[in-house]
Each structure stands twice: as structure tokens, then as C-alpha cells.
Amino acid sequence: MRYYALFVLLLCSSISLSQDCNYTLSGSVKDLHDGSLLPGATLILAGTEQAVLSDLDGKYTFTGLCKGTYAIQVSHPYCLSKGFTVRVDGNTTNNFLLEHHLEELNEVVLEGEAYRNQTKTLFENKISNAQLEDFSSGTLGDALNSISGVSSLNTGNTVVKPMVNGLHSSRIIIVNNGVRMEDQEWGAEHGPNIDVNSASNLTLIKGAGALRYGGDAVGGVIVAEAAKVARKDTLFGKTIMSASSNGRGSSVTSQVTKSYKSGWYGTLQGTVKRFGDFEAPDYVLSNTGIFERNASLRFGLNELEYGVEGYYSFFKNDIGILRASHLGGAQDQVRAINSDRPLIIRDFTYDIGNPRQEVTHHLARLKVFRRFEGVGKISLQYDFQRNNRQEYDIRRGEDADNASLDLELDTHTLMLDLDRDLFDAGTLKVGAMARYQNNFADPNTGVRRLIPDYDKYDLGVYAITDYRFGEHLVVEAGLRFDYNYMDVFKFYRTSFWEARNYDELFPEIVVEEVGNQILTNPKLDFYNTSATAGATYSFNEQYNLFFNYSLASRAPNPSELFSEGLHHSASRIELGDLRFGPEVSHKLSLTFQRENTVFGFSVNPYINTITDFMVIEPKEIQQTVRGNFQVWEYRQTNAQLLGVDVDASLAFAEHFRFNHQFSMVKGYDRTRNEALINMPPVNIQNGVVYQNPNVRNLKLSLQSDYMFGQNEFPDNNFEVFVPETETMETVDVSTPPEAYHLLNFSSSIDLYMDQRSKLTLGFTVTNLLDTSYRNYLNRLRYYADDLGRNFLLNLKYNY
Amino acid sequence: MKKKTILSALFLAGILFTGCSNGDDTPIAVNEEEVITTLTVTLSPVGGGTAITLQTRDLDGDGPNAPEVTVSGNLAAGTQYNGSLSVLNETVTPAENITEEVEGESAEHQFFYTVGSGLDVSTAYENFDGNGNPLGTEFTLTAGAVSSGTLTFTLRHEPKKPNDGSLADAGGETDLAATFNIAVE
């Protein structure tokens, strides 16, 4: 209230003063506690609508000021926003102090990326927040897809796996509220078990830089975080309701936070989503409905010197998998691929039949931290995750309602971290991690285990340090060691065991022979070293250059080691290899950025060279009584990925902004000298946004998304005998779909706003022209078109 | 002090969790319940004589070994045969009779007989589902003139019923597909 009064007063005063208005106000934004400089703080000058960001050195400048007293609001993502009044008389210097709660995000994000992501967050803060809320009814993958360089590997439109610079699954670490997700993420058709509504911001690190959470992020790290809670007595919340025409479903999410000045706080959040069959422009995509239920609870005490936080989240998802994608052998594949339309199209329904996935994920964590004088901040975190995944296929007889895959994965992790300041210009972070994991594959499925029972033990230690040299240069380096041990019980088919020559190579691991299977007890260990080094150079207030090298080392996942059998949803036989060692990636990345509210851009070329890259690809055709199946076998090769991501944004007229994104990645198998499979095609996005804060914050945007056809791909086609025509027919599993262009429209307006609450209405149309298209990275592209037009109505209430 | 207690408790908890779950029970083997290892076609001449059997057998299911295909003899020109199909899962002992399952879910299954162009043979369904649509675990086969070619048996799960008798029209998923080289002499 006090500030408001001041506001009005100041408004009057600054208007009435019509004198020399060429003064500047400059200075820096600093942490109240240790005086460290805060880059990326937003400073808003009341009454003038001038807003600036503090630069890498925490410095800011306002120009064109008149003599007088100004009210300035200073905010920073990790601080409490604060109002100040400053008397300007001539060129004035003033430093602002904010209470900066040291933030995990800053600890994880490494060189270059730290600054980049942070500034990016600021530069596009509102957009990215709004984007997250726009994706309230979608998935985490959908939201991430809006970042340049991120694409997704989809199974239909409800299983969306993020793909960063061409890499996915085990090569991407997803960190949910400080916990590394362990949710059978190796599977290409296993979506991340995170409610997009439980995160208030998403950070993407393209590369293995975030050593704190692991050294095996060959592709990248995605950090989803809840909002920081301020230390004040307050109660606030938000509810988002959305309804979609496509899928005829809706989603409701709500969260409420109570906090106290004493530092205690609690947040309760929940989401329900229900959709029926989605629709392509010309037909219903039968059995693609989804029913998702999530809840999370967070509570804690946030003192400056110490704190504790507890978090629990529950995620449950029933996902229908396109009925027409479930096939017998290669002859069925020929029919399905040669047909323009899915072979099974039924009337719309909300019912989810087989094939389907039913996934439950529990995540609990407890974290305590304390700052010790002369030592730094020590935090200890324990987290537990239980992931239960059931997959149902089309089955016969008594097994019809029995899951074909039933896995339970329990993970316990203990992390101990120390953060300390190094002299005045640097920081040091060290930590250790211990993890125990148990996978149990329920034998009652009546289907041989896709992934065997195993116990896994991981130990890791890391150290990261950064140091500032003078005004312009920051360097950073980090190192991490990991040890993994796996104790596995795996049944092999005797015929496979012998065909692979394992009977000669590993006679010592045989436990017993049961019928036509052999029980083995492989005990595997892997040592992994990962490292990162980089530098940031800021030329002036606008231009920055980031350079980063990261070395990542990833042990093979259970699927790469132990797959051995028919994978129904892919209609192929998949074979892993017990002899695999870790894959090692060297990634060089350069970013040139111009930070400017009128015209800003970033250009990020990179090269990722991976030795012993694990890739699955077709090898031969296998005959069975069921028909012929293509055999896909994992092998290790040397791979190289090269690419560039470009972002640009230009405010070309008042209230108008033009946004551009360009992503390109090329992946090659250097051993065989051919293209890698499933590389995202070149993608260009252009959008025009009109936003007027004076007209109820009206926002209108039109976005064009052009996806090129992938022209570099390995030829994995094969031939199969079709008895009816007595011919050998080619099964074209390789040729990527053609290029396509989509138009999306979105709009939002604040219907109502007062000091305490705000009601926003959003209206979005995706695939405006109802274009029929297929996406190379959708595993169901052989069988059906992608989604048709969707009208989405979105109502958001903040209070 | 209190914090230290919490810390040590946490540590202990972690170690305990890790320590306790070490049940070294060996897992039990899973025998595939739905694998089809064997299709046997028995063709008995109407009016008596030696039956001819066609068999495809793949004891490792979708393991690396290919099915063994055997044809016990040639068909006699101008002879009519009563055909019956037997589908087994021999990865389990005793072998599971899948024919019974197929017949139990007759509305959701159908066998198709595809005669290659060179072979002079005709087939007709002899058993039907509850709606009077063909099932085809029983059939008759009439051998025409001296000839040779392929005869393919296909079992479809959830085909369109009724259909025009062709695989293309029936759709559904292939549960079984076996091609035999046959001669009529």
C-alpha cells in the first residue's frame, strides 16, 4: 500500500518536472548477504514503463531520467522482489541489495548455460511461464518442444519423450524438484512421469554440464522446479481449466500455497486430465485416450542459515496406444504401411482398451541444508521413487486382461552437497551420491521378462568450480566419477545363449537350466568419468560468447544389455548385448548471444562425438510360426552429431514482436559411414506476437512451424513374402514422411484483475488448417496421421 | 544438535534401505503362454487311406532358430481330404492346446487358406463360429490335377467378420502364418 501511494505521488512529481531529462541512474544489484552480483535482475521504473535487466556483472543503467524521486521495483527469479525509492539529481549511482536465496538451479547449471538459461528465463520469462501454462493439458515433452533444439520422440501424441539435439531416453536426465527421475526412461515409448503443472519453470541444459545429477547426460539435462516461496504471511494459488475439441477432453489443475513470515510454507497441487480418442483430420485415432491423475505436496522451512523441505508427488497415467499399431508379423506391417488409413478405425470413445500403458510413479524427497561459517552450505537429500509400469497388449484367452509387462522399479538416493564461495570471485561445489535400485519384473504376466530382475548400486562424486577473471571472463570446470554395479538375474533362451556364443564367453554366470531357458546371474560393473570445462566472455552489456566442452560417460541401460525377444508395440524382435561397455561423448558447444529487448538472438553450434554409441538397428529377418519378424539388434559404433540452434526475437513495432527459431542436427554413424536413424529433421518456427498491456494484457500470436522432410536416414527396408500375391514385398520402415507446415494461433486476455486475483481467458487453435501430416519422430507414423485441428479454451484464475 | 540427529537418522535410513532389500531369491522362469510353436495340418483322404501331415514347428518360439517345416507326402489327384488344424504351444509341458482357445474364441478368429497359383487345389470351411461365419480349424481340401505350388495357412485374430475370404479384406492381426510347398501327383 505504501508503495502505491508513493507511486501516485511520484507519477505526479515526475510529470510536473519538465527540466533537463538526460540523467542516468546506474549501479549494480547485489546479494544482501554476501554482496555477490546478481545478473538478470529486472528493474522497473515506476511511471515510465522503463525496464532494464542487470547484466552479467549485476550492473544496470536507466537513461533519460529527469531530476526527481523515482520508485523502482527490483526483482530476480531467486529473490524476493523489493521496492526502492531513489533520488535522481544528475547522473546518479545507486546499488540495490536483494535477499538472494541460493538456488539449486544456480548450483546445477554450469558454465555458459547458467547465464544463458538465466537470461533466457528473463528474456522470455513471461512467455515461457505462459507456455508452461498453455501446455497445462499437454505433457512435459510438449512444453519442452517449444525450445529450439528440442524435439520429441513420440508414440502417438500422449507419449512424448523429449529429445535434445537429436538424443533421447537414457541420454537425457530429467530432474524433478531436485530428484533425478528413475522411471524406466530407457524405453522409447515410456514418457516422463512428470505432471507439467507441478513445475513452475523448466530449464534445459543442452549437454552434460550439470554434473551434480549425473555424468551420463550425453544429450542433456532437463530441470523442472517448483516456484520458490517467499518468506511472508500469505496464501495464494491458481487454478487452470482447459477444454479441447480434439480428444473431447479437459484438464483441471489447481495449486495453493500457504507461507509464513517465520519461513514455514506448504504447497498442495493436483491435476486431473481426461481425454477420449484423438482425431486426425480424416479419421478417429482409435484407442488414443488418456486419463492422468497427479498430486503433489511440498512443505518446508526456509531460513537463511538452514532449511528443510519435504516433497511428495504421485503420478498416475492410463494411456491408450493406437489400436491399429498392434500388429502380427511383417505381412501385417506391409498391409499397415501400404494403407493410407489406419487398419482399425472405430467410433469415438473415452474408453481406453488394449494396447495401453498404466503407469504409477511415487516420488518422495527430504532435504535439509545448513550454512556453516567458513565452510559453506551443506545439503543432504534423501529421495525415494517407486515406478510401476504395466503394459497391456492384445492377447488371447485367459491372458486377455493380464498385463504383458509389469515392472516395479524402486530407487533410493542419498546426496550430500557442499557449496562454498572461493575467495571473492569464485565458487566451489562438491558432492557425493549413493543410489540403490531394484527392478522387479512380475512373472505372472505369462510373457518372458523384457527387462530382468536386478539390483543396481551407484556411487558418484563430483566437484565443480567457477572463477571470475576481471570484468569480462568467467571460467568453470567440473569433474565427476561414477561407479555402477549391477547384480542381475536373467533368463536366456538356450537357443539364443548358444547362437550368441555366450555359452563359451560366460559359462561362469550360468545358474541353472530350466526347460529351454538358462538362468544366468551377470554381475556387471562400470566406471565412468565425466568432466566439463568452459568459459564465458561478455564483450559489453549486450554480447556474450559462451564456450563449453563436456565429457559424458554412460553405462549401458538394461534394455541395451538384456533385451531378447519380441517387442509387440514395435512388431520386431529386439536383442541387447551383454558385452557392452559405456559410451563416451565429447561435446563442444559455442553460443553467441545478443541480449537486447528490441533485437536479441542466440546462435548455438555444437558438435558431439560419441564413441561406442549404442544404437539399435535391423539386422535380419527371423522366421517364426507367427510369421516373419525383423530382428533389431543393439550395436556399438562411433557416432557424431553436428548441429546448430538459432533463436531470435525482434520487437519491430510497438506491442509487436517477431520470434524465430531454427534447429538443425545431422547425425552420422562414422564406422559405417551412414546416417543415424531417428534424427530430427530441420525445423523452422516463425511467429508474430501482439501484446498490449493496456488492453487487458491482450495477447495474440500466430505461429508457423515448418518441418522439413528428413533426407538423411539409413535404409532398413526388408522384404517379405506375401502368399496372396506370391510376391516379395518391400516393407518400407525407413522412408521418412514428407515435409509439413502447421499454423497455430493463440490468444489470451485478462478478464478480471484486482490486487489479489486475476482471471485470464485463453483461446488456442493448433493445426489451424487441419493439415494431414506425419512426423518422422512419431513411432506410430507408419499407421496413422498425426493430430488434426484442435480448439483449446483455457481459463486461469490466480488468487 | 537436533539437525545432526536428523542427518544421522537419514544416513542410517539410507543404508538400511540399501541393506535390507538384498533378497537373493532367484526369480522363477516365465514360460510364454501365448507362443505358438507348432501347427499341424492333418489331411485324411475321404474314404480312407494314409493321412498326409503338414507341420511347422519352432520350439524356441521367437528365438533365433527357424521353424522346421515338414510335409509327409504328396496329395493324390482328384482326391478329397478332410482337413483339421492343430495349434500347440510346446514350450510348456504338457503342451498347451491352442486350437481349443481359438475355437473357444471363434468369433474373434479365422483361418485362411491361400493356394498358390501353380497348385490345383480347392478348400472349403467345415466349421463356423456362433454367428455362422467361417472359423476354419476344420476344412475340406480337394486336390485337382497334377500340379505343385504353395499352400499357406494364416490365423487372424480379430478379423472383420464376415469377410470376402481374402486376407486383405479380413484385416486383423496375424497370429500364425505358415507356407508349405505341396505337390499333387
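Guide: What follows is a chat about the labels on this predicted model.

Visitor: Let's start with confidence. What is the mean pLDDT of chain A, and how much of the chain reaches 70 or more?

Guide: The mean pLDDT of chain A is 86, on a scale from 0 to 100. Of its residues, 92% reach 70 or more.

Visitor: Which stretches have a pLDDT below 50?

Guide: Residues 5-18 of chain A are one such stretch, with 18 contacts in the model beyond near neighbours in sequence. Residues 101-127 of chain A are also below 50, and that stretch has 67 contacts of this kind. Where pLDDT is low, the coordinates should not be read in detail.

Visitor: Why is L97(A) called partly exposed?

Guide: Count the other C-beta atoms within 10 Å: L97(A) has 17. Buried needs 20 or more and exposed needs 12 or fewer, so a count of 17 falls in between and L97(A) is partly exposed. The residue sits in strand 8 (residues 96-98) of chain A. From L97(A) to G446(A) it is 349 residues in sequence and 65 Å in space, C-alpha to C-alpha.

Visitor: And which residues of helix 6 of chain A are buried?

Guide: In helix 6 (residues 330-338) of chain A they are A330(A), Q331(A), D332(A), Q333(A) and A336(A). Each is called buried because 20 or more other C-beta atoms lie within 10 Å of its own.

Visitor: What covers those buried residues of helix 6 of chain A?

Guide: The cover includes strand 36 (627-653), strand 41 (718-722) and strand 42 (727-731) of chain A, together with strand 10 (173-184) of chain B.

Visitor: What makes strand 15 and strand 45 of chain A a pair?

Guide: Pairing takes at least two bridges, and strand 15 (residues 234-244) and strand 45 (residues 790-798) of chain A have seven, so they pair, in the antiparallel sense. A243(A) has L793(A) as its bridge partner in strand 45 of chain A. Strand 44 (residues 758-766) of chain A also runs antiparallel to strand 45 of chain A, joined by nine bridges. There, K758(A) stands opposite N798(A).

Visitor: Why are strand 3 and strand 6 of chain A called edge strands?

Guide: Strand 3 (50-53) and strand 6 (82-88) of chain A each pair on one side only. They belong to an open sheet of four strands in chain A, ordered 3-2-5-6 with antiparallel pairing. The twist averages 25° from one strand to the next. Strand 3 of chain A is joined to strand 2 (residues 42-45) of chain A by four bridges, with T42(A) opposite L53(A).

Visitor: How do you know that domain 2 and domain 3 of chain A touch?

Guide: Contact means C-beta atoms within 7 Å, and 69 residues of domain 2 of chain A meet that cut-off with 106 residues of domain 3 of chain A, so the two domains touch. The assignment puts domain 2 at 104-221 and domain 3 at 222-798. Their C-alpha centres lie 8 Å apart.

Visitor: Which element gives the most to the domain 2 side?

Guide: Strand 9 of chain A does, with five residues. By class, that side divides into 25 nonpolar, 31 polar and 13 charged residues.

Visitor: How many residues are in contact between chain A and chain B?

Guide: 54 residues of chain A contact 52 residues of chain B. The chain A side has 25 nonpolar, 17 polar and twelve charged residues.

Definitions and conventions. Residues numbered from 1 in each chain as written. Chains lettered and ligands numbered in written order. Predicted model: local features only at pLDDT ≥ 70, side-chain atom pairs only at ≥ 80, totals over all residues. Nonpolar A, V, L, I, M, F, W, Y, C, P; charged D, E, K, R; others polar. Domains from an automatic or database assignment. pLDDT = per-residue confidence, 0-100. Axes fitted to C-alpha atoms, helices over the stretch in contact; angles between N-to-C directions.
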